[in-house]
Amino acid sequence: GYDIIPFASVGPNETYDIVADADDIRQSRAWNWLDRVAGLDRRLRGGDLIAPVVRGVAGTPLPRPERFYIACGERIPTAHLQCDAPERELQWQVREQTAEAIAALVTTLQAHRAEDRAKWSRLRRWLAS
């Protein structure tokens, strides 16, 4: 019965390139050996506690200077879904409405970022992705 508030952000994904994530690391020979010797998989919750290996500014672990653009959309009411077994089609309609609202927010934020980027210095544009 809670309203859904669509949320979107643009910018955080561009601060780093992910070189290897937890799945990549867990599939390596080194990981297999360390898991057998020290039980790393169990200790690191099946990879949940493994940070990704990232590349930022000029291949370093420093994040690229990106601005983050964040927006919240209009509320999507769900009170009409409060019953023992709401119709599946109605649930999918709300899901699609939410997905469309998020996609629209992302598009708006990307357009705003493109306008904003034109104001950045040449060095900052080069450092950013």
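**Starting from one leucine**

Guide: Let's begin with L44, which counts as partly exposed because its relative accessibility is 23%. Keep in mind that this is a predicted model.

Visitor: Where is L44 found?
Guide: L44 is in the loop that links α3 (40–43) with β3 (53–55).

Visitor: And which residues is L44 in contact with, leaving aside neighbours within four places?
Guide: Those would be W31, L49 and I50.

Visitor: How far apart are L44 and Q97 in space?
Guide: Their C-alpha atoms are 37 Å apart, and in sequence the two are separated by 53 residues.

Visitor: Okay, zoom out. How many helices and strands are there in the protein?
Guide: Five helices and four strands. Reading from the N terminus, the order is β-β-α-α-α-β-β-α-α. The protein is more spread out than a compact globule, because its radius of gyration is 21 Å, well over the 14 Å that the globule rule gives for 129 residues.

Visitor: What box do the C-alpha atoms fill?
Guide: Roughly 55 × 50 × 20 Å along the principal axes.

Visitor: And how much of the protein counts as buried?
Guide: 24% of the 129 residues.

Visitor: What about charges: how many positive and negative side chains?
Guide: There are 18 positive and 18 negative ones, and the centres of the two sets lie 11 Å apart.

Visitor: Let's do α4. What should its 30 residues span?
Guide: Helix α4 covers residues 88–117, so at 1.5 Å a residue it should span 44 Å; the end C-alpha atoms are 43 Å apart, which agrees.

Visitor: Which residues in α4 are buried?
Guide: V94, T98, L105, L109, R113, D116 and R117.

Visitor: Nice. What covers the buried residues of α4?
Guide: The cover includes β1 (7–10), β4 (69–72) and α5 (122–127).

Visitor: What does C72 touch, not counting residues up to four places away?
Guide: I5, P6, F7 and L105. L105 is one of the buried residues of α4. As for I5, it is 67 residues from C72 along the chain, yet their C-alpha atoms are separated by 6.6 Å.

Visitor: Last topic, backbone angles. What is phi of R45?
Guide: Phi of R45 is near 50°, a positive value in a residue other than glycine. R45 sits in the loop between α3 and β3, and R45 is exposed, with a relative accessible area of 58%.

Visitor: And what about A58, what's its phi?
Guide: A58 has a positive phi of about 50°, although A58 is not a glycine. A58 is found in the loop between β3 and β4.

Visitor: Is A58 buried or exposed?
Guide: Exposed: the relative accessible area of A58 is 69%.

Technical notes:
Residues numbered from 1 in each chain as written. Predicted model: local features only at pLDDT ≥ 70, side-chain atom pairs only at ≥ 80, totals over all residues. Heavy atoms only, no water. Helix = DSSP H or I, 4+ residues; strand = E, 2+ residues; numbered from the N terminus. Rg over C-alpha atoms; globule rule 2.2 N^0.38 Å. Buried < 20%, exposed > 50% of the residue type's maximum accessible area, 1.4 Å probe, protein only. Lys, Arg positive; Asp, Glu negative; His and termini not counted. Charge placed at Lys NZ, Arg CZ, Asp CG, Glu CD. Expected span 1.5 Å × (residues − 1). Contact = heavy atoms within 4.5 Å.
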